[in-house]
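Please read them with the coordinates open.

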Amino acid sequence: SLHDALPILSLHKDGTSLTGLASLAAAFEDKGIKEAVDKMKAILLMYGLPSQGKVSSQVLRSVTDTFFMDFVLAGSFSAKTAEDAEHFKAEKWNHTAYRDEKWLRSLQDRLVIDVSEGQADIESAKKTATEVPLTYQGALLNTCQELKTTLIGLEGNTPGRVRLPAFYRQGLSGRWRFSERPEYLRSLGALDETNPEQPLVITTNYILSRTNCFQASPLYAVC
């Protein structure tokens, strides 16, 4: 648990050990998984489903869709009843989750498995809940590649660098809203000011920066 791992992370003036850091990372992962399972249990309860046993595979897929909607909205999915949840999904799915639907269906196909006549085990929903935060970065790979391709296309004579005016022009006309102020880019380590008269965005540093991470919960982000 996170509580158990914190004493292991002994901080000294020279830092900490790799073992302590690995223990803390594992503790945060466990905490994230518990958070996901607790959310799934709450959704099962909202749908009036038992915490164990077998129910319709179709219903479990709907439940995991609801979980995923809550996940991509970073916990701001406010439905209080199953009816509210289904109505919200029907109205908002294409705006929030459609991009990742192929990835989600693949995950469901692998985990929500019929065990008898269209029935699946409730545990498969909980397993799906644990897998979403652990593997969601796979759904973001195409988006990351698109961002990378866009920035590379903007590079000028200096490899790995984009002129600031070109960066902002793309933000005004393209899919990506490049609007970070120079001060913020500097704080990200994504601004090359070797020539103060012509600051450049450092492609790699910008792509890998915190600004492009998905805030999955108050506890962690997916980058």
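Predicted model: local features only at pLDDT ≥ 70, side-chain atom pairs only at ≥ 80, totals over all residues.

1. Every value below is computed from it, and local features were taken where pLDDT is at least 70.

2. Largest pocket. Start here if you want space to work with. The volume is about 620 Å³. The lining has 22 residues. Nearest the centre lie Thr143, Leu147, Trp176, Asn212 and Cys213.

3. Who lines the largest pocket? Two elements give two or more residues each: helix 7 (137-154) and helix 10 (203-207). Helix 7 gives the most, with 6 residues. By class, the lining holds 13 nonpolar, 5 polar and 4 charged residues.

4. Second largest pocket. Its volume is about 220 Å³. The lining counts 14 residues, and Phe28, Glu29, Pro133, Leu134 and Tyr220 are the ones nearest the centre. Helix 2 (18-46) and helix 6 (122-135) each supply at least two lining residues. The largest share is that of helix 2, at 5 residues. The class count is 10 nonpolar, 3 polar and 1 charged.

5. Helix 6 against helix 7. The two helices pack at an angle of about 35 degrees, and their axes are 7 Å apart. On the helix 6 side, the contact uses Pro133, Leu134 and Thr135. On the helix 7 side, Gln137, Gly138 and Ala139 meet them. This contact has 3 nonpolar and 3 polar residues, with no charged ones.

6. Sheet 1-3-2. Three strands make an open sheet in this order, with antiparallel pairing. Which strands stand at the edges? They are strand 1 (54-56) and strand 2 (114-116). Each has a single partner strand, so one side of each lacks a neighbour in the sheet. From one strand to the next, the twist averages 55 degrees.

7. Pairing and cover in that sheet. Strand 2 and strand 3 (residues 119-121) run antiparallel and are joined by 2 bridges. Aspartate 114 stands opposite alanine 120 of strand 3. Helix 3 (residues 57-72) lies across strand 1, strand 2 and strand 3, at about 85 degrees to strand 1. Helix 6 lies across strand 1 and strand 3, and runs at about 60 degrees to strand 3.

8. Sheet 4-6-5. This is an open sheet of 3 strands with antiparallel pairing. Strand 4 (161-163) and strand 5 (191-192) are at the edges with a single partner strand each, so one side of each is left without a neighbour in the sheet. Strand 4 and strand 6 (residues 200-202) are antiparallel, with 3 bridges between them. Arginine 163 has leucine 200 in strand 6 as its bridge partner. Helix 8 (residues 164-173) packs on this sheet and touches strand 4, strand 5 and strand 6. The direction of helix 8 makes about 75 degrees with that of strand 4.

9. Salt bridges. How many are there by the 4 Å rule? The count comes to 13 salt bridges. One to look at joins aspartate 38 and lysine 34, with the closest N and O atoms 2.8 Å apart. Both residues sit in helix 2; they are 4 residues apart, so about one helical turn separates them. Helix 2 is also the element behind the largest share of the second pocket's lining, with 5 residues.

Technical notes: Residues numbered from 1 in each chain as written. Heavy atoms only, no water. 1 Å grid on protein atoms, 1.4 Å probe; cavity = no way out; pocket = protein on both sides within 12 Å on 5 of 7 lines; lining within 4 Å. Points joined across faces, edges and corners; volume = space filled by probe spheres on them. Nonpolar A, V, L, I, M, F, W, Y, C, P; charged D, E, K, R; others polar. Pairing = 2+ DSSP bridges. Contact = heavy atoms within 4.5 Å. Axes fitted to C-alpha atoms, helices over the stretch in contact; angles between N-to-C directions. Salt bridge = Lys/Arg side-chain N within 4 Å of Asp/Glu carboxyl O.
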